[in-house]
Amino acid sequence: MCRPLFNHRVLDLNQRYPTRRPMRLRDYDYRRSGVYFVTICTYQHVSLFGNIFDGDLVLNELGEIVNSEWLHVAQARTNVLLDNYVIMPNHLHGIVIIDNENDRVDCTRDLAANGKRASTLQPGSLGAIVGHFKAAVSRRAKPMGLDGGRKIWQRNYYEHIIRNEKSLKEIRKYILENPARWSEDDLYDG
């Protein structure tokens with residue numbers, strides 16, 4: 001269920017370096033009301049947030065900051081609710097609910113003259129929410145030396161739009177059981 005974030009690259013012969021393929025659903029407005037499953041990984045999948053002992057996660061100081069800032073996501077935004085989540089040694093799984101009272105987001109102002117969506121991050125979008133969360137963790141960790149002088153987060157994140165109750169139940173179960181299955185996880189670094 002947990003997938004590495006950048007396992008696909010597209011080679012553009014006009015550039016010196018490969019470019020990342022977009023991970024988001026094309027033409028989907030991530031500011032819309034919806035239920036989203038996100039996985040946010042540490043840089044190079046290094047275990048930074050604590051350890052699993054007998055199927056239970058024991059957070060360290062940085063893990064406690066991650067937990068605090070994750071909970072703050074919903075406190076800071078009236079249109080965001082958090083459902084099940086789990087912090088693992090090197091990633092976080094969580095369900096984010098964006099609930100806009102007036103879901104008629106004006107997308108037309110974000111379109112370029114050629115009809116394509118602007119490439120900048122849209123305020124209130126899932127990407128902006130995740131970006132603010134990651135930045136808040138990094139801002140708190142750096143002065144305390146908890147970042148070890150290196151990046152905390154991998155660029156980007158994995159997301160899945162939850163479209164029905166069955167999928168929501170399966171993902172909730174996956175999140176709750178994740179610590180007990182840590183040694184079987186794709187991101188296990190033990």
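## Basis

The model is predicted, so local features need pLDDT of at least 70, side-chain atom pairs count only at pLDDT 80 or more, and totals for chains, interfaces and linings use all residues. Residues are numbered from 1 along each chain as its sequence is written, and side-chain values use heavy atoms, without hydrogens or water.

## Overall fold

The protein chain has three helices and eight strands. Helices (H or I, at least four residues) and strands (E, at least two) are DSSP runs, numbered from the N terminus. Their order from the N terminus is β-β-β-β-β-α-β-β-α-β-α.

Of the 190 residues, 39% count as buried. Buried means under 20% relative accessible area, exposed over 50%, and partly exposed in between (1.4 Å probe, protein chains only). A contact is a pair of heavy atoms within 4.5 Å. Among contacts between residues at least 6 apart in sequence, 71% join residues at least 24 apart.

## Helix α1

Asn 60 caps the N-terminal end, with a side-chain oxygen 3.1 Å from the backbone nitrogen of Leu 62.

The buried residues of α1 include Leu 62, Ile 65, Val 66, Trp 70 and Val 73. The buried residues of this helix pack against β3 (34-41), β5 (56-59), β6 (80-87), β7 (91-98) and α2 (126-141).

## Strands β6 and β7

β6 and β7 run antiparallel and are joined by six bridges. Strands pair if DSSP finds at least two bridges between them. A hairpin through three residues connects β6 to β7. Val 80 has Ile 98 of β7 as its bridge partner.

His 93 also lies in β7. His 93 counts as buried because its relative accessibility is 0%. Its side chain makes a polar contact with the side chain of Thr 39, at 2.8 Å. A polar contact is a pair of N or O atoms within 3.5 Å; within protein, one must be able to donate a hydrogen and the other to accept it, and residues adjacent in sequence count only if both atoms are side-chain atoms.

## Nonpolar cores

A nonpolar core is a set of buried Ala, Val, Leu, Ile, Met, Phe, Trp, Tyr and Cys residues joined through side-chain atoms within 4.5 Å. The largest has 26 residues, of which Ile 40, Leu 126 and Phe 133 touch the most other members. β3, α1, β6, β7 and α2 each supply at least two residues of this core. α2 gives the most, with six.

Apart from this core lies another, of twelve residues, among them Phe 37, Val 86, Tyr 174 and Trp 182.

## Aromatic pairs

The whole structure holds five aromatic pairs. Rings of Phe, Tyr and Trp (its six-membered ring) pair if their centres lie within 6.5 Å; planes under 30 degrees apart count as stacked, over 60 as edge-to-face and the rest as tilted. Phe 37 and Tyr 174 are edge-to-face, because their planes stand at 85°, with centres 6.4 Å apart. This pair links strand β3 to helix α3 (residues 165-177), 137 residues apart.

Trp 70 and Phe 133 are also edge-to-face, at 5.1 Å centre to centre and 80° between the planes. Trp 70 lies in α1 and Phe 133 in α2, so the pair ties together parts 63 residues apart in sequence.
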